[in-house]
Amino acid sequence: MDEKAYVCDVCGKGFCKKYKLNRHFRTHELKTDEKPYFCDVCFKTFSEKRYLKNHLLTHTSEKPYSCHVCKIQFSQKGDLNRHFCIHTKEKPHACDVCGKEFSQKRYLKDHYRTHSNENPYPCDVCSKTFSQKWRLNTHYRVHTNEKPFSCDICSKQYSQKRYLKDHYRTHTNEKPYSCDVCNKDFFYKGALNQHYRTHTKEKPFSCDVCGKEYTQKRYLNKHFCTHTDKK
C-alpha cells in the first residue's frame, strides 16, 4: 500500500493511516473565520495564534509561569493569576444572591447550585447527587472506607480534612465552641449543637415504632434495640 494512501479531499494532504486522515478532517470542520487556529491534539480552536501557543503547553510538561511567593509553576498565565489570589486573599467574584465571595469564577459557578438545588454530580454506587464535584469525591470515601488524613500525633485516620482538624483539638485541649447560655466549651461544633438541646429541650430524633423522642441519634439507635431484641 502507498505510504500516503489516504488523501484529504479538501486540501489534498496525504496520510498513511485512515484514522490520521479522519482526525485531520476534523480540522476543516472546526476551523471558522472567528477561530482559525486549532490544536491538532484535542482540536480545540482559538481566535489568535498566541492563545493556541499557550494552550499547547497543557499537552506538555512545560510550566513557564512561576509564582514568586511559593514557587509553584503553571503552564498557563491565567492559572498563575488565579492561584495568586490565594496569597492576596482577593475574592473578586461575588454571588448576587447571598453576597458570598470567591477567588475564582468556577467556585462561584459551583456555589450558585446551592441556590438552584442543581446536583449534576451523581454517585455511581448509590446514585446520591451533589452540587459540587469535590463533594462527590469526598462522598466516595463512604463506599471505599478511604481515610487519607492521618493525625501525626496518634495516627488516627479520617476521611475528611476538617475531621482531622477537629480531632487535633483533643491533643491541644483547644475548645473554640462555647455555649452562650452556660459558657461550657467544646472541641466540636456538633457537640455544642447537641449540648444546646439540654437548654432548649429539643428532641429531634423520634422512634418510628413508639414515637419516643431523643436529643441525640445515638440514644435513638440504642433505644431501637428494645424493639428489635438486639442486644
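Predicted model: local features only at pLDDT ≥ 70, side-chain atom pairs only at ≥ 80, totals over all residues.
Biologist: Let's start with the rings. How many aromatic pairs does a search of the whole structure find?

Modeller: One aromatic pair turns up. Phe-187 and Tyr-188 form that pair, with 6.2 Å centre to centre.

Biologist: Why is the pair of Phe-187 and Tyr-188 called tilted?

Modeller: The planes are 55° apart. Stacked needs under 30 degrees and edge-to-face needs over 60, so a pair at 55° counts as tilted.

Biologist: And what makes Tyr-188 partly exposed?

Modeller: Tyr-188 has a relative accessible area of 32%. Buried means under 20% and exposed means over 50%, so 32% puts Tyr-188 in between.

Biologist: What sits over the ring of Phe-187?

Modeller: That's the charged end of Lys-175, 5.1 Å from the ring centre. The distance cut-off is 6 Å, so 5.1 Å falls within it.

Biologist: On to Cys-85. Where is Cys-85, and how do you know whether Cys-85 is buried or exposed?

Modeller: Cys-85 belongs to helix H3, residues 77-88. Its relative accessible area is 11%, and buried means under 20%, so Cys-85 is buried.

Biologist: Which residues is Cys-85 in contact with, leaving aside neighbours within four places in sequence?

Modeller: Glu-90 and Ser-103. Ser-103 is 18 residues away along the chain, yet the C-alpha atoms of Cys-85 and Ser-103 are separated by 6.1 Å.

Biologist: What makes His-195 count as buried?

Modeller: Its relative accessibility is 12%. With the cut-off for buried at under 20%, His-195 therefore qualifies. His-195 is in helix H7, residues 189-200, and touches Cys-179, Cys-182, Lys-184 and Phe-186, not counting residues up to four places away in sequence.

Biologist: Now the largest pocket. How much space lies in it, and which residues line it?

Modeller: About 420 Å³ of space lies in the largest pocket. Its lining includes Ser-103, Tyr-107, His-111 and Trp-134. Strand S8 (101-102), helix H4 (105-116) and helix H5 (133-144) each give two or more residues to that lining. The largest share, four residues, comes from H4.

Biologist: Last one: which spans does the UniProt annotation "domain: C2H2-type" cover?

Modeller: The annotation, from an unreviewed UniProt entry, covers spans including 121-148 and 149-176. In the model, residues 121-148 are 43% helix and 14% strand, with end C-alpha atoms 22 Å apart. For residues 149-176 the values are 43% helix, 14% strand and 22 Å between the end C-alpha atoms.

Methods: Residues numbered from 1 in each chain as written. Heavy atoms only, no water. Phe/Tyr/Trp six-rings, centres within 6.5 Å; stacked < 30°, edge-to-face > 60°. Buried < 20%, exposed > 50% of the residue type's maximum accessible area, 1.4 Å probe, protein only. Lys NZ or Arg CZ within 6 Å of the ring centre and 35° of its normal. Contact = heavy atoms within 4.5 Å. UniProt positions renumbered as here; feature names shortened; annotations may be inferred. 1 Å grid on protein atoms, 1.4 Å probe; cavity = no way out; pocket = protein on both sides within 12 Å on 5 of 7 lines; lining within 4 Å. Points joined across faces, edges and corners; volume = space filled by probe spheres on them.
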